[in-house]
Structures are given as structure tokens and as C-alpha cells.
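Here is a walk through the structure, chain by chain and contact by contact. Keep the model open as you read.

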Amino acid sequence: MTRPGLLLASAALMALTAATADAQDKVFRYSTTGDILGLDPHNNNEGPTNTMKSNIYGRLIHRLPDLSLEPDLATEWERTDDTTWIFTLREGVTFHNGNPFTADDVVYSFERQSQESSDMAFAISSIESVNAIDDYTVEIKTKAPDPTLLLNMPNFYIVDKEFMDENDAFEVIAGAGLQNFANANANGTGPFRIVEWVQDNRVVLEPFEDWWGQDERTDNIDQAIFTPIGNDATRVAALLSGEIDAMYPVPLQDIPRLEGEPDVTVLQGPELRTIFFGFDHHRDELLDMPGSGENPFKDVRVREAFAHAIDKEGIKRVVMRGAATPTGLMVAPGINGFQEDMNEPYPFDPERAQELLAEAGYPDGFPVTFDCPNDRYVNDEAICTAMVAMLERIGIDVTLNAQTKSLHFNKIRDHDTSFFMLGWTPGSYDAHNPLQNLMTTEAPGSGAWNSGRYSNPEVEELSVQISQTVDEEARNELIREAFRIHKEDVGHIPLHQQALAWGVRADTVEEVIQRPFNDIDLRYVTLK
Amino acid sequence: MQNIETTVELPAAPSFGARLSGNIKAFLDGDVFYSFKRSPVTIIAFVVTMILFFCAIFAPWVAPYDTYNIAGLNLMDAFRPPAWVAGGDATFLLGTDDQGRDVLSAIIFGLRISLMVGFLGVLIAAVVGTILGLISGYFGGWIDALIMRIADVQLTFPAILIALMIDGIAGAVLGRAAHAESKLAVLVIAIAASLWVNFARTVRGSTLVEKNKEYVQAARVIGIHPILIMYRHVLPNVMGPVLVIATLSLAIAIITEATLSFLGVGVPVTNPSLGTLIRIGNDFLFSGEWWMTIFPGVALVILVLAVNLLGDWLRDALNPKLR
Amino acid sequence: MIDFIAQRMIQAVFVMLVVALISFSLFQFVGDPINNMVGQEATEAQREALREQLGLNDPIPIQFVKWVGNAMQGEFGISYRMGKPVDQLIAERLPATLELVFLSAILALAIGVPMGVYTGLNRYSWLSRVFLTISLIGISLPTFLIGIILILTFGVWLGWLPTFGRGGTVDLGGWQTSFLTLQGWSHIIMPAFTLALFQLTLIMRLVRAEMLEVLRTDYIKFARARGLKQRSINFGHALKNTLVPVITIMGLQIGALLAFSIITETVFQWPGMGLLIIQAIQFVDIPIMSSYLVLVALFFVLINLTVDLLYYAVDPRLRIERPGPAH
Amino acid sequence: MADKRPVLDVRNLRVEFPTRRGTLTAVDDVSFQVGEGEVLGVVGESGAGKSITGTAIIRLLEPPGRIAGGEVWLDGERIDNLTAEQMRRVRGKRIGMVFQDPLTSLNPLYTVGRQLTETIMTHQELTETQARKHAIDLLGEVGIPAADVRIDQYPHQFSGGMRQRVVIALALCVNPRMIIADEPTTALDVSIQAQIIKLLKRLCEEHGAAVMLITHDMGVIAETADRVAVMYAGRIAEIGPVAEVIRNAKHPYTEGLMGSIPVVGHDLARLTQIEGSMPRLTEIPTGCAFHPRCPKRFGRCDKQRPELMQAGASRAACWLHDTAHAEAAE
């Protein structure tokens, strides 16, 4: 039985790097709930897996913890006209297996990542073509003017053409899958290389000595071991007993206790994910009111009543123990197009809510089933239970249906819901992403997660324009207008940004920089 | 042949009342009740079980707060420690949980669901299991093979999958509203489905042994109907192990209910059962709010302890050979 | 005897087919795997293509027949989540669960039977009362609570045992065993005890109930009348007669151990079949679920076969009757 | 009956059962002896305390029953005050017991041979093979054909009669001095009964064992016993040589008992019947326990309990034979 997934690119490189694992003493052990899905950078679009890719693979542009962009494999870039960009590539860069990095690799990577079966195709969907001008310059043409191209570059992973062709691994096998070569083996230009991956057990990484950024390396790790631990309490125990040096997420209720521990510190900060509630705008008859021929949610006053019924501060203080930032917008600060002044949440005003309900003709409310996940977002089930209490207080007869995420997402995708909770992190860190996926239905490829099928003609039109306006000023104006209409419409009710909570051993770890997307990038870890 | 005149004076049939009081009097000074009086442990267990049942049935009147009236919950009351702990509040004797529910009332209401689902589930499982066990043990042949193979098929599926399937079917068959109502029924069926096999196999094992005993063969020889044989002869000898499993299965049933509820198949989390209270509280156990899981846990332990001790006494008392 | 076993094997195949059919009709209720397999930004077209490729659009009977057809040639499909052939995955995870279940069964027997005999023999001693009460507490606390308490006591507070995972395994020709190294034992002891706790209570109570009945029989009275040593009466004559019903339960309990191991493995992050099936259920990983269920069905049939064969070994009265399908 | 020291000497034995309804005296001041090679029959209606007496002697009383008084001597050595371990060594080695129901007396899961060798080796320093050989001989002696084959078979492979033979073999396998046979033939059909009785008698003579044969079957007693004791309500009503007791009973209860036995050749129109039934242990009448049913009762019968008095060749506990006071005035 062959050891699953031997990850070093080739035996040759093994001889080169004299350092073997056990000689070092600086080992960084960290853990989260689930294992990575695979190593094919053009597949497995999921949080922890994407961060692992950024440890191993180079991209033209890298996103820093403060969300600003920094040169990676491309040293400079400029836009020659509305749809053409010229990127100058870094010279003297080698892949983990020693192959040199050239423009051909960029072209090959574009062709591979834009395949139909690639999970990451969305990030470069606006690119028309990529061709090499010479060994170290590349021209990228977009189908239409794309203001968010640079923002999407950190999701465009560069693989080694020779290595892939040698192992005939061009084709991206759809769905998470290890049996193909690309998903089991990694050969990037990133600061770390994979030594071993035993699925659901551990991933072992070591620094890549010939990394182009070796001299300004910010981390001092000799070996990193990533082990998934599903059960929260067990993961907390593993941190307390010192078997692991860092872990996330820390259950909110355990934060005070961990902060009390002398050799453990808890890093907290807002996550880019926005938690919100959505209505069924589409059906003529609400699922829970058979034969009534009415859908109360079609009336904006009912939606506004729901918005006023929610005590966001109460949820923040009690359910989230202060670790959440109530929001009024569908995007979090730091996302391109965020408008600070519009971020004022709907005020908590139960009386106003009951007045609105009466005005809309439902003085004593109506029955509705509230669909929630119970193992996806932080304290999701507790939030929904608290919500039920608040809605019942204004007369709505709520039946809570809290289910595991696979069952919950199933209902969401099938639009089989009247009132639901969902969370969204814009993949491209740009405001157009939620507009396209959550707040519109008409444009091609839009409304994937718009379960309530909210659609406002003006917002639809604005969304299309936003995707094509290159000028930043004008684009922000359009975004602002779209969000204003959506807010007036109460298309969705944004709740809050949930907080990240990372538990780190103070006695072994000097510092870990926390980024608003919830995963540890080994570059920013320094051990004692 | 001299016919023997037997004029026997039949006593007038006693009225129902007399017969009933007669039975009660006979029971009271019978040996079963005597062994009950003698062991203090059993008395305590009996009293505790009755109290728990009483609370479950009359929950709305017994519990200080109506935790199922969701609107009444006030989020600001959440995480209050028990009254005697610093920061505790006398109105919430055992403190409050993450939704501001008074833990004591939540336990009483939770008890109602857990007891109902637990007892019904175990009862159905016991009846179905024992009958099938008797039949398969007694008749043997292809019936036995069929029943045992059904058991194998059913044993394969963890309760979780069974519940999901039954809930799915219920969802497809019943309308949306009826489906919500059917949650409890789905739970009971799922739990019964996952427990009956224990009873069936044990009863079958014992029936196999009893079947070879002469008294059963004798009964068979004189043509007593097999069902009567099983009922009157084999069943009493099998009650011992069945009672053991029944009382133990109650604990499993209550915990299974919590797992199923977590999967969204059981009772909604807005009116939590005892098992669900423990599950939710479990996350807070070591983060300072220990009372959220400890008190429901203690309640469950007391319930299971009382029921099992009662079960032990009943089994020993009912078994003629053991007295 | 041979024809009896052969017959059971035929029944086994039948059971496995029924299990496979039920599981395929079951999966639609567990959710849609596609959501978990592709990222949130995947377009509808990509999802549809993947669903087509995995054959999820076929009606259930077709999926079932296809799966059985492949299974015949030993092709159990590729796991949606882990992309590895299912049989390789199961082969990897099986030793962990088998060793865990095996050790907990031994623990349950080694502690449960003597306790059962003791409480059966000295029915009214205070120690018997203590055993009965403690065992009840053991089974009324949910497995996940017991697991967490053990982890925090021995893992964090005392630091004697590791808090999670399965270290120190030695590779015996493909079979990873924990039993050969001290570190392996340190990893397996807590999960095994958590798993054993429930079975231990059941065995103890059943042995006690049976022992009480057997001690009242004539042949025990006759044995005492013959002046046999008390030890050989209790542990020879009495215990052997007590074992017949206990064997049924043990056979059954090994099945229950498999079901209980799901929770224990999740709490201890034990890389066994339990963890595999829970992750598969959450991910709606149909190939793994179907193969797992059929494999467990085979387990149960084999376990029940051994239990019935054990009947013959222990109870000669059954041996005389022709061991045809009757038993 | 050689007038040597008796094998078994029971003096004033009292067995009580403390129950919540008051203490029941199942055996009330019973004394008797059994000589070597002698068969003492113990008869009486069921519930008279016959089996309790036997069980008490071998000290296998089920709690709450206990020996409340009196002494039991075996071969001149007192055994009722032995420790449990000492008594265990006595059982089987010096006192053997045969139970009523052969079907349940043998451990179903052990072969006949194993049960025999185990008993033998418990009391005698023999090797496995020697014990097995001795067991085979014993089985042959008790009349089991092809003993060397049957020794490895299980109890359920033997018929009722055969099983009782095995039980007897077990009881005798270490040559006990005393055999207590508690209704050995009751569960057997008549034809087998005779064989078992003949076997028991023969073996006891050969081994010189004394036998206490407990039964309610007067026919078995007449054929087998040398002397017989008639028990009523926990007491010995009459004891004496079997012919004497049967033909001219001294105690009215014995008379009634004997009268109710159909004797071949006598065409009795009607068997005598004793009115009423034996008193429950909780309502034992004062004085002579039989007096309520005794046709010949008179003054002092209901006041004072009669001791065993010499009456011809036997002794009876009945004031009719109180020669000492010769009808002293009440």
C-alpha cells in the first residue's frame, strides 16, 4: 500500500536540501477543525485550503494581513488601456523542484485555472487571454474593463509547466479529489514546501531554502505540523496541554478561561465574513401559509419590522460575548467598496416593528419556519434561538429548523426556505462579489446564493455597470447607490461580522499576525 | 353407576369493587410488596421516579418559568450563575443558560420530552423486540432467519441515519406543517427502531434455552397453542434480562434523542429536551458556566439511577426463584 | 455445520444487498454532496457538470445497480471528500476502530464479568451496592461528556496522557497497530475506556441477573451437596451456565460498540471508521457511506454467526439437534 | 441391626424459619439414629418437614432457615457446629445426597464424566486417569451400559432413570458413610423406581453406608427400609421396625396413614381417610399436633405435647401409650 501522497516534487531536490526535519528544534504545531481538501491550487476553493496554497504556491500579487497588495512573482504592473495589463515578472525565481520560473508558467497556469472543472475559475473569469511577451513579461487582456482584476490576482496560482506536463496533470479533476497527481503533489514557488500529508491526520511543511524572498523572511520556523481536531473542547485541551502551539477557532465562551491561563494568549479580531438573514421575496404564497395566497415578505414594511425586531447589541453582548461587530451593510470594512457612513444597523425598536406589522395587515403576525445551520458559523444555533425569542415578542409564530450545514445549504441552494441565516466572505474582497452572488438574479452567473431571489431592477442594472466601470471614483458611487437601494428595500438584514479567536501558546510562540480571513499563514509566525 | 350428587354452593360472584380491594389487599401483604417495604433504596428510587414523572406531566404548573414561551425569554438574563453562587439571583435558583432560560424550569420541561420520547421509544422497542424474539426463538426455521437478518440490516444503520431517513420520509409524505408536528413521532420511531434489536436477540437467546426445557415440551405435547405457551411459560422466564435491558436502554434513548435533535431531526432547539440541554451546556462546561450542563446531567443521572434501581427491584421481586 | 455456515453466508450476501439498496434510497435525505465539493463561487453549470459526472442525476435504482456492479469487481468508488479509493481508505481506518472496539470489549468483559459475579454472589454486600450505583452513573452520562472529562483530567490537568489522536503506531504489513508501543497504549487507553464504560455496565448487570438465577438451581445445590470447592462451583458450574445469555449480549454489544465508537472517535479525534463515517455523513460522501454500511452489515452477520456458533460450543443441549436452519 | 455406635445420631434437632409472619418451626425437637448398612425410612405427608430435616443434617438450608437447636453426630463426631470449610469436606466424602428430580440435578453443560471425576478428585488424591477409571466402574456399578462411552456424554443424552443412576453414582463416588436420599424415586415411573430402589439398597450394603430414605411412598418404604420414622407437623409421631409400624401402628396418625395404602390381595371396600389436613406451620395446635384430627384423642392430648414413648417394639409420641401414668385423672 503506497504511502498516500508522497509530496516532495522529486528525489533530486531531497538531496539538495540538507536540512532534515528532526535536526531543528523550532517546530510550529497548529490546528483547526478540518483538514485541507487537496493541494491542487486550481481546485478546492475553501478557507484553510486556500491559505495552505498561499504557503506553497506563488501568485503574481500577494495580499498582506492588512488586505493591501504586495508584489510576489510580478515585480511591477501597469494598465496600458481599459482591457490590457502588462506585468513584469521577477527574475531568478525557482520552483521547489529547482525548475526556473518564466512567463510560460504564467500562461500555462492561466489556461489550467480557467478550465470548466476548476473551482478557482471565478477568480480569473474576467480575463480574455494571457500571453508571454518575453521570458519575464506577460500581457493580460480582459474581456471587458475589470476594476477588480488586481484584487483577484492573489487567487491566481502559478504552477510549474514542466512539472505538470511531466506528470500529465493539466486536467483539473472536478470536486475535491486526491487520486490525481496535481492534488496529491505540490511544487510551487512559495516560502514553504510540503514534506508529508497523511489525509485527516497531519500536514508537515518545511521552509524552502531557495525561496526568492529568503533574505527578508519574516518567520523562523524550521518545521510546521498542521493537525485537524474536529471537536472544539478537545482542541482547547490540546492547546492547554501544550501538544499544539496554536489553534483556531477558539469557542467564544472559552476565551475568558484561556486568557486566564499564564502561557496562552488569545488573538481576536473581526473576520471578513458577514452574517445576515434573508427573506423569500419570490413566492406568491409563503411556504408556511398554505392556502393563504399571501407572502408577507413581499411587503417592505414587514421586512423592516423584522429588521427592527432584532436586538443586535443584545446578541453581541450575550450570545457573542462582545466578540462581534454589528453591521448595516452586506460587506465588512476592508472590502473594496465598503461605505462607512452607511454601516449604521437598523435600530432595535420592537414597538416600531409591531406598528409596521399592523400597517402591513398582520397585527398578530404570521407563521414562518426559520432555517439555520447549527455547525457552520460561530454560535449560529444560539443566535437563531435568540432571534426566535425576539421575533415571537413582536407576534411572529417562528418554528426554528436548526440543521447541520450539509442539510442547511441543501435547502438554501434549492430556495426551499422562507427566512434563513447565511454568512458570506467575498472571495475577491470586492463589493461586487456579494452583489453578484446574493443581491441580484438577472445577470449571467449571478444569484448563486440569492435564496430569497431578491431582485430590484435598479440594483440589477447597477451591478452590471459596477462590473464594467474601471474608474474607482465612479465605481464607488455606483456601489454606494446599489447598497443604498438594497438597504431601503431591506433586501436582507445584515447582522454582524463574527470575530476571529485564535489561541496561541505564549511560551513557544513569539508572535502570529492575525489576518481578517480566518487562517494562519506560516509567513507571519515567529517562534521563541 | 351411582351418580354422585354434588350440590356445591357457589359463592355469589364478588362485586368488582370487592374484588379490586381484595386484590389490592392481597398485593399489599404479598411478598412483592414486602420486599419493596424492606429495602429503603427501592423506596427512595420509587419516590424519586414518581416525583420526576409528576414534574414532567405537570411541568407548566411546577416549573417557575414557562421556558417554552420563547417570547418570555430575556437575553439579558443569560449566563446567570446559580442563586447561591456570587452574582447569582434568587429568582433563578439554578442559574440561567445561554438564552436566559431558567435552568431549573428548562430541566423540568426538558424532562417532559426526554421521558416521553425515552419511555415510549423503549416501550415500543421492548414490545416489538420481545415479540419478535419469542417468535424467532420459539419457531426457529426460516422465520428465525428472516427476523434475525432484518435485525442485522437494521443494526447496520446508526440511529442517526435511521432518523434522517424516517424524517425525510415523513417530510415527503406529510405536509410542511404536519411534518413539524411529526418531529416527536419521528424521534420515537427512530429510537425504537435502533433499540428493538437488543430485546429481540436477548429474548431469542433465552427462548432457545427455555424451549428445550421439559415443561415447554410438555405444554406443546398437550396441544396448548404456541402463543399461549410463549406468553405463559417462556415470557416470565425471559423477563429478567428484558427488564435489565429496558432500564438501561432508557439512558441510551435519552442521549440518542439529543444527538438526533442536534442533527435537526428531533425536537427544535427552542424547546430543548434534557439531552439537548446537556449537549448545549457541554460546550460551556469548562468555560465557566458549568451549571448549564451539570444540573441537567445530574437530573439525567438521578432519573436513570431511579429507574434502574426500580427495575432491579422489580426484576428480583417478580422472579419467583429469586425471592 | 458446514452447510449451516454456507447458508449464513448466502443470507449475508442478501443482507448486504438490502443494506446497499436502503442506503442509496437514504442518501437523498442526508443532503447534497455537491455543495461541499465545490467552493461557494462555483457556477451552476460547474455544479451540474459535477453532478452528471458523479452520476447523481441517475434515479436511485440505477445508482444502486451501478454501485453493486462495481462492487462486484472490487471497485468501491472514490471518496468525494478525500478523492481516494474507498477500499484503501477503509483499509487504512479499519485497524484503528477494530483495535479500539477490541480493547474496549476486553476491558468491558474483564471488569464487567467479575463485577457481575461478585454482585451476584454477595447480593447484599455494600460493595455490590457501590458497584451497581457507580455503573449506573457511568451509563447515564453521555459519551461525549465522559470523554471530555477524561481528556481534561488526564490530558490537561495531570498531563499523563495525550489529549487526542492516535500516535505511536507500528506498521505490521499494512496494519497500523497501537499495541506495540507505550505511546500507542497511552493514546488508546482513554478512548477504549470511554467506549467500554457502557458495555461494562450492561454486562455486569446481566451476569448478576443470570448468576442469581443459576445459583438457585438444583445442580448447584447438588454440587454443594457433593462438597465441591466454592470456587469451582461459582466460577466453574455457575459461571459457565451464566455465560449463555451473556454471549448473546456480548455479540450484540460489539455491534453497539461500533455505533458508539462514532461519538468516541469524534471526541478523541481517533482516526477510525467512526470518524470517517461522521465526516462522510456531514460531507454527504456517498461512496464512503455506502461501502461503510455494507461492510458493517457484513460485520453484524459475522458477529451473529459467531454468537450462534458459540452457543454450540457452550450449550451442548443445542448441539444434539440437527444444526439446520433452525438456529 | 448390630448394636454398634450409630452412623448418624440426631438429637433434639430444631429448624426454624424466621419470617415476617413470625418464626416457623419446620422441625421441632426431632431425634433418631441410623446404624451402619441400615435404611431408615422417613415418611409423612408433604410439608411434614422430612426434606428440611435431611437438608439440615447436611447443612444446606436456604437462608433464612437455620438450625435453632439440637445436635447432629456423624460417626461419633459432631457436625452441626463445624465451620463452613470443615462441613464442605464432610459433604460428599462422608455424607452423600440424592435429590428428587434427575433432570435438574446434573449440570447441563458438563459431561457426566467430568462431574464424576471432579467430585472424586475433590476428596481423593487421585490422578485424572485414575479418577476417570473409578468413574467408569461406578457407572457400571449403577447399571449404565457402555459406561466408557457414555461417560463423555451430556446429561440431556440420558433418560430420566439413567440420570438418577448417575446421580446415585455421584452420591456414592467417594464412599460416604451416610446417604440422604430425598424422594429419589418420586420423579421416576414405577418400573424404573423398583430398579433404583434395589440398586440403592444393594450399593449401601456393599459400601456399608447408612441410608436416610425420605419419601411419601409407603410402598417404597415397605420394600426397602429396615426401620421407619413417621413425621407429622415437624415432629416424629412414631418410629420403629418397618414391619411393626406397618402392621400394627401405635400412633393413630400412623394407623390412618397405613390404612390409606391399598394392599394387593385385600379387597377393602373403602380406604380409611383421615379428616382434615396437616396444620400449616404457623398454626400448629397445642399439645399433640395431631389431636384435632385424632379419632382417639382424649383430655390431655390437646394440653401437653407427648414425647416418644416405648410402645411395643416401636416408640410413639401418643398419650395412649403413657403406661407410666395409666390414665391419671385429668
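What share of the 330 residues in chain D is buried? Buried residues account for 45% of them. Keep in mind throughout that this is a predicted model.

Stay with chain D. Its secondary structure consists of 11 helices and 12 strands. The radius of gyration of chain D is 21 Å, close to the 20 Å that the globule rule gives for 330 residues, so chain D is as compact as a globular protein of that length. The C-alpha trace of chain D spans about 70 × 50 × 40 Å along its principal axes. Now take the contacts in chain D between residues at least 6 apart in sequence. Of these, 65% join residues at least 24 apart.

Next, the domains of chain D. Domain 1 covers 8-94 + 176-329, and domain 2 covers 103-175. The centres of these two domains of chain D, taken over C-alpha atoms, are separated by 30 Å. Where they meet, 14 residues of domain 1 of chain D are in contact with 14 residues of domain 2 of chain D. On the domain 1 side, helix α8 (residues 190-207) of chain D gives the most, with seven residues. That side of domain 1 of chain D divides into 10 nonpolar, three polar and one charged.

Turn to chain C itself. An assignment divides chain C into domain 1 (2-72) and domain 2 (89-319). Their centres, taken over C-alpha atoms, lie 32 Å apart. The contact between them takes 17 residues from domain 1 of chain C and 13 residues from domain 2 of chain C. On the domain 1 side, α1 (2-30) and α2 (33-37) of chain C each supply at least two residues. The largest share of that side, 12 residues, comes from α1(C). The side of domain 1 of chain C that touches domain 2 of chain C divides into 11 nonpolar, four polar and two charged.

Step back to the whole assembly. Five pairs of chains touch, and the most contacts among them are between chains B and C. Chain A and chain D do not touch. The nearest C-alpha atoms of chains A and D are 47 Å apart.

Finish with chain A. Its average pLDDT is 85, and 94% of its residues score at least 70. Over residues 1-21 of chain A, however, the pLDDT is below 50. Beyond near neighbours in sequence, this stretch has 34 contacts in the model.

Why is helix α2 (residues 47-56) of chain A largely enclosed by the rest of the structure? Eight of the 10 residues of this helix are buried. Among them are A:Pro48, A:Met52 and A:Ile56, along with A:Lys53. The buried residues of α2(A) pack against β9 (157-158), β10 (192-198) and β11 (202-207) of chain A.

Methods
Residues are numbered from 1 along each chain as its sequence is written. Chains are lettered from A and ligands numbered from 1 in the order in which they are written. This is a predicted model: local features need pLDDT of at least 70, side-chain atom pairs count only at pLDDT 80 or more; totals for chains, interfaces and linings use all residues. pLDDT is the predictor's confidence in each residue, from 0 to 100. Two residues are in contact if their C-beta atoms, placed from the backbone, lie within 7 Å. Domain bounds come from an automatic or database domain assignment. Helices (H or I, at least four residues) and strands (E, at least two) are DSSP runs, numbered from the N terminus. Ala, Val, Leu, Ile, Met, Phe, Trp, Tyr, Cys and Pro count as nonpolar, Asp, Glu, Lys and Arg as charged, and the others, Gly among them, as polar. A residue is buried if 20 or more other C-beta atoms lie within 10 Å of its own, exposed if 12 or fewer, and partly exposed in between; C-beta atoms are placed from the backbone. The radius of gyration is taken over C-alpha atoms; the globule rule is 2.2 Å times the number of residues to the power 0.38.
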